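Please find below a colleague's note on the model. It is arranged as numbered points, to be read beside the structure.

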Amino acid sequence: MQLLQKPIKSIAACALFLVFIYTTAQSLAQTKDVSRDYSQSYSRLNVTNISQSRNSHSRRHLLQAAGEEQVEGETDDEDVKPDDPGADMEEVRTCSEGLVLPLWMPQKNISIGDRLIRGFVYFLFLIYLFVGVSIIADRFMASIEAITSIERTVVVRGQNGEKQTMHVRIWNETVANLTLMALGSSAPEILLSVIEIYAKDFESGDLGPGTIVGSAAYNLFMIIAVCMIWIPAGEVRRIRHLRVFIVTAVFSIFAYVWLWLILSVISPGIIEVWEAIVTLLFFPVTVIWAYIAERRLLVYKYMDKNYRVNKRGTVVAGEHDQVEMDAEKARTIVNFQGPRSSDAEAFDEARREYITVLSELRQKYPEADLEQLEMMTQEQMISRGSKSRAFYRIQATRKMVGSGNLMRKIQERAHSDLTEVKAQLHPTDDDYDDQPTRIYFEPGHYTVMENCGEFEVRVVRRGDISNYSTVEFETQDGTASAGTDYVGKRGVLNFPPGVDEQRFKIEVIDDDIFEEDECFYIRLFNPSESVFLTVPQIATIMILDDDHAGIFAFTESNFEISESVGLYEIHVMRYSGARGTVIVPYWTEDDTAVAGRDYEMARGELVFENNDTQQIITIPILEQSSYEKDVSLKVHIGEPRLAPDDTNKESFFHRFFDDELLAQIQEVEQKSPKDLTELDRILLLSKPRNGELTTTHVRIRESQEFKATVDKLVAKANVSAVLGTSSWREQFKDALTVVPADESEFDGDDDVEEEVPGCFNYISHFICLFWKVLFAFVPPTDICGGYVTFVVSIFVIGVITAVIGDAASYFGCALNIKDSVTAILFVALGTSIPDTFASMIAAKHDEGADNCIGNVTGSNAVNVFLGIGLAWSIAAIYHMSHGMTFNVEPGTIGFAVGLFCGEALIAVALIMFRRWKKSIGAELGGPTFSKYVSAAILMFLWVFYVVICILEAYDIIRV
C-alpha cells in the first residue's frame, strides 16, 4: 500500500509542475518573438543541404544567426501584424500528424483553456500507457528470465570420487544482465528512439534521445538516492560484483562523453555512418569487457581467485569483497582447486543450506510431518535465493496493478515441486489396466501352526481382467510330506470377467510328535490363453511345530534403515514350537550410534503367548535430516524363560511330561553337544532357548528418499520458475483475480494472518483490467522456452511505445512544451517509475546492492549504445544510400549530455566514497545522517540537471 501511494504523490507533483511549465512556456512564446522566428527558420533550413555548416564551430549558433537575419528580412515583407493576438496564438505551435495516434482536431484558433484540457487529457493518457507498457514489459522480462534460466546437466565427481549430477546455467549472469535483462527493463526507451526515427522519415528527433538521457539521469541520481534512504535502519548494502560495476560505470559515463563528441566536436550537427556504427558496436564491447572482469580473464587471471556459490546453487567467480562479506557469515564462500571440485562443492553447499533450513523449521514446528516441512523448506529456499532484476521488476509492477505478491506464487510453486518430486520417487502405473493378464500368489509365503487345522491361500489376477481366465494349482512336498503333515491338493481356479482373486484352503495335519519346522510348496501352472504367470508363482508354506516351547532369534543379523523411519520395528521369531507363554528380555547397545542423539534407548521384555510366533521390538529413531549419515547400534535378546504362570503343576512340562521324562531331559542337558543323539536333540527342543541370532546390528543411514527429494528440490529451487506462466488459463486467472500486496509474505512472517484485498487493490485492479486481460493473450513462457513470449512481447511493446511517442509529442505540442523537455522530464520519468519501485524492493530485501546500483550503470550504457546507436545507424545508412547526410541538431540534447557527464562523475565518486569510508562502509544505508546527506546531494543533482536543461531549451541559458 505504501509503495502504491507514492506514485499518486508523484503524479500530483508532476501535474503541478506541468502547469508551471506551461505558463512559463506561454509567457516565453508571447514575449520572445526571436524564439518563434528561430524555430520557423530552423524548420526551413532543416530541409536543405547543410553540409556547409561542417566548417563552423557550432551549427546551433549558425542557425541562431541565420534566424536573426531572417527576422530582419521578413519583417518588412510579411503582412502579419504583430499586435494580432490570433495570429500570435496560431504560430505558437502547430502539431504534426503522428505515426499511430490520430491528431486531435482542430489545430488552429485554440484557446489557452482548450490547450490546458488537451494537455491534461494527454497527460492522463500517457500515464495509462506507461502502466500498460510496464505490464507488458514484465511479461517480456518473464520470458527473458525463462530464456536465461535454461540449464544443462553435467556430471562431476565429488570428494569421494562419486558421480553427482548437477544443473548448470548456460547463460552467464553478467552477460544476461547487460543484454536481455537490460533490454527488458529499457525496452520502451530503446524502441521509442528507433520508432521516432522511422516516424520522422529517418530524420532526427528530440523525444527518443531525450528520453534515454533523461532516464539515465533519473536512474543514476533519484533511484540510487531513494534506495539509499530506503534501507532499514542499521543495515547496509554493498555491491558484490565490484569489478563489473566499475566497468559498467566507466562505460556509462563514456557513452555520454562519446555522444557529446560526435554531436559537437567530431562532426558538429552531423552523424556519419561510422560514428553511428561505432556507437552501436560499443554495446558488445561493454558486455565482453564486463564478462572478462567477472570471469577474471586476461589481466584478471593474475589476481587472487576465489569462488562463491550463489543461492541458486551456481558457482560463480567471486569478488574479493564478496569473500570478505560472506566470510563473516561463514556460509557460502569456499576455496576450490579447480572447476570440477567447485561444481561439486556448489551443489553440496545448496544441499547444506536446504538441510539447515529444514532443521530450523523442524525446531519451529515440531508437530509438522516431514512432507509439510519439506514444502516449507522448498518455499524458503526459493524465497531466500538470490533474485534477478526481473524478479524485483515484476514484483513491483504486480503490486502497482493489484496482482498481488509473487511470494504467493512461490508457495504454489513449492507445493507443485514437492508433488512432482514425490510422484517421480513413487511412480504410479497409469496404464495398469492396459497391461496383459498376470496371475500369481499374494502373498508368496505362509507360516502356519501345526494345529491350525486349515488355512486359506490367495491367488490374484492383475492387468486386463475383462476376460475369462483359468489356472491350475497343485501341492508339492518339501520337508513336509503330504498325508502325514498336510493334505495334498490339486485343482483349477476360475476367474470370471471382472474377478481379480480366488482363494482355496489347504489342511494341515496335527500330531503330538516332537519335530522340527517343516515346509511344502504350492505351484501354479497351465494358465489359459493370453494369461502369464509371474513371480511368485510358487508359494512356500512353513509349518511350525507346536509341541514344544520354541527357539527364539532375530530374523536377520543386520538391518539397514533410514533415519526418517521414525519407529523401527525389529521382529523376534519363535520357531520349532509355540507351546506355552515365554518371556524374552531385550536391550539396545551403542555402537557408532549414540542413544539420545541417533535413537532412543530401548530395554524391556517380550511376552510370547501360547501359539505366538513373533513379537516386535520398537526402537525410536531420531531423525536429524542428515544428507549423509552412517551409524549403527546393537540390539540383544537374553535367555528366554517360561512365564511364572506356566511353572505350576498344570503348566507346560507337567501337562506333557512325567517326572521320568523330565529327569531324562535334565540328564541330556548335562551332555556335551558332541555326544547328543537325535533323540537327545529333540528332547532339548522341548524347552525354550535362543537360536543363533541373539544379537543384530541396526545400521542407520540417511533416507534415500529424503536424499533424492533434497537433490531434486534443490535443482528446482529457482526463483525464476515463479515468474513465468504455464498456460493461458493461468494467465487469465491471474488477470481477473485481485490479490493484496502483502508485505509480510515477502518478509517470510508465518505468524501474520493472510491479508484480504483492500479498496485500493480493487481500484488499481479495475483501472488496469483492460491491460491485464489484453496481455493475457500473450503466449505463456512455457511455450518454446519463452522465445515465443519474447517475440510477441517486444512487438506489443513496440506498438505501445509508438503510441506513447505520439501522445508525448501531442502533449508537448498542446502545452507548447518542446520535445526535449517532454522527453527529459515526463517520458523519462514515466518509463522509470517501475524501475524505481523494483529497486526499492531490491534494496530492502536483497543482501547486496547490485540490483539497485549495478544495474543502473549497466542500463545507462546499454541505452545509449543500443538505443541511440541502433536508431542513428539506421538513419545514417538510409541517408547515405540517398546521397544525403544525417543531421542532428545538438541543441538541448548535446547540452544535456555534457551536463549529465559532469554530474555522473560526482555521483559515482560519492558512491565510491561511501564504500571506502570506514564509518559507512557501503553504497547504500549506513548511519542515518550520512545516508540522508548523500541522498540529498543526489536529488539536488537531478533537480539541478532538469532545471538547467529546461532553461537551456528555452534559450534562457545560452551555451
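The points below cover the basis of the model, a sheet and a helix.

1. This is a predicted model, in which local features need pLDDT of at least 70 and side-chain atom pairs count only at pLDDT 80 or more, while totals for chains, interfaces and linings use all residues. Residues are numbered from 1 along each chain as its sequence is written, and side-chain values use heavy atoms, with hydrogens and water left out.

2. Strand 17 (residues 551-554) pairs with strand 19 (residues 567-575) in the antiparallel sense over 4 bridges, and A553 has M573 as its bridge partner in strand 19. Strand 17 also runs parallel to strand 25 (residues 689-690), to which 2 bridges join it; there the bridge partner of F552 is N690.

3. Strand 17 is covered on both faces, since I551 and A553 on one side and F552 and F554 on the other are all buried (under 20% relative accessible area, with a 1.4 Å probe and protein chains only).

4. Helix 13 (residues 389-400), a DSSP run of H or I with at least four residues, has 12 residues and reaches 17 Å from its first C-alpha to its last, close to the 16 Å expected at 1.5 Å a residue (1.5 Å times one less than the number of residues). Because 11 of its 12 residues are buried, helix 13 is largely enclosed by the rest of the structure; among them are R389, R393, R398 and K399.

Methods. Buried < 20%, exposed > 50% of the residue type's maximum accessible area, 1.4 Å probe, protein only. Pairing = 2+ DSSP bridges.
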